[in-house]
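Here is a short report on selected side chains and their partners. Please view the structure first.

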Amino acid sequence: MTDVPARIHAAFAEAGVTGRLHALDIDSGAQLDAGADQPVCTASVHKLCLLVALHEQAAAGRLDLGEQVECPPAGRTAGPTGLAAMLDPARLSLRDIAYLMMAVSDNAAADLLLHRVGLDAVNRTTARLGLTRTHAVHAFGDLLATIREDAGPAGVRALADPHVIARLRALDPARTNRSTPRDMTRLLGAVWRDEACTPEHGAAIRRLLGLQVWPHRLAAGFPFDDVHVAGKTGSLPTVRNEVGVVEYPDGGRYAVAVFTRTPNPAATLPAADAVIGTAARIAVDALRAGRGTG
């Protein structure tokens with residue numbers, strides 16, 4: 001039988017991407033490594049780390065998830081969804097702001113939570129959970145600002161130039177929010193085993209991951225009514241990521257983290273999106289067949 005990591009890398013190559021993947025059987029500890037320890041830029045996947053830090057602080061009594069926050073339109077972080085795309089003032093609880101951050105990857109919502117929680121607290125949370133290669137450098141508005149600065153006066157049009165893409169700090173794991181696929185499956189495993197937070201808060205985190213609206217990446221590999229996929233995407237120029245948990249009706253639970261890059265800067269590349277689900281399915285099928293490592 002063809003080596004499973006080789007099959008995964010072949011799928012990446014066929015889709016025109018380079019990819020890194022780690023898959024973990026949450027209960028047995030069996031795992032599958034296809035570049036799992038390579039540093040990657042997380043993009044919006046890092047919102048999962050923020051969500052866990054938010055719930056850690058709530059569990060400790062340092063904040064109330066029902067706390068109401070004013071969200072004026074002035075100064076909102078840019079983005080195509082949620083509060084970032086709205087025009088009028090809003091007032092929402094921290095809990096509902098977290099929903100927008102996770103369900104539609106709302107950048108403005110994420111930065112409102114970061115203002116309340118703090119970047120240092122996010123890094124303390126990931127350190128506490130043993131995610132030694134995971135670090136938050138920027139708020140999401142600051143990350144987007146580095147792209148504008150690095151693109152120069154030509155703005156978004158410059159992002160079609162591979163020389164401009166090559167100099168973007170946001171795409172360099174040494175200079176931006178970063179992790180590894182293995183760290184991300186470790187985080188997901190901790191959330192699903194109620195080791196990251198109390199059971200009440202773990203359930204709330206899992207609920208929000210299950211409400212993500214994007215079906216075209218990880219979930220595309222598991223088109224079954226009785227298989228549940230909960231995850232968080234991340235996107236930047238040439239970057240498509242998703243981390244999540246695939247749950248089968250027999251009780252099997254599999255954390256998967258897939259991070260990809262493509263030389264094509266186009267925003268719409270269906271094959272590059274779909275291969276995240278394809279690679280995840282190859283990995284999960286191998287774990288279910290007992291071909292992972294302990």
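Is D172 buried, partly exposed or exposed? D172 is partly exposed, because its relative accessibility is 25%. The model is predicted.

## Salt bridges

The structure holds 15 salt bridges. One of them joins R91 and E70, at 2.4 Å from N to O. R91 lies in strand 5 (residues 90-93) and E70 in strand 4 (residues 68-71), so the pair ties together parts 21 residues apart in sequence. E70 is partly exposed, at 49%.

D172 pairs with R175, with the closest N and O atoms 2.9 Å apart. R175 is partly exposed, at 38% relative accessible area. R281 and D285 form another salt bridge, at 3.1 Å. Both lie in helix 10 (residues 270-288), 4 residues apart, about one turn of the helix. R281 has a relative accessible area of 27%; D285 has 33%. D33, D37 and R182 are linked in a salt-bridge network.

## A buried charge: D183

D183 sits in helix 8 (residues 181-192). D183 is buried and has no salt bridge. The nearest side chain of opposite charge is R186, 5.8 Å away. The side chain of D183 instead reaches the backbone nitrogen of R133, at 2.9 Å. Beyond its sequence neighbours within four places, D183 contacts G130, L131, T132, R133 and T134.

## A buried threonine: T260

T260 belongs to strand 9 (residues 253-261). T260 counts as buried because its relative accessible area is 3%. A polar atom of its side chain lies 2.7 Å from the backbone oxygen of R240. Contacts of T260 outside four places in sequence include F12, V17, T238 and I276. T260 and E242 are 9.0 Å apart, C-alpha to C-alpha, and 18 residues apart in sequence.

Key. Residues numbered from 1 in each chain as written. Predicted model: local features only at pLDDT ≥ 70, side-chain atom pairs only at ≥ 80, totals over all residues. Heavy atoms only, no water. Helix = DSSP H or I, 4+ residues; strand = E, 2+ residues; numbered from the N terminus. Buried < 20%, exposed > 50% of the residue type's maximum accessible area, 1.4 Å probe, protein only. Lys, Arg positive; Asp, Glu negative; His and termini not counted. Salt bridge = Lys/Arg side-chain N within 4 Å of Asp/Glu carboxyl O. Polar contact = N/O pair within 3.5 Å; in protein donor to acceptor, adjacent residues only side chain to side chain. Contact = heavy atoms within 4.5 Å.
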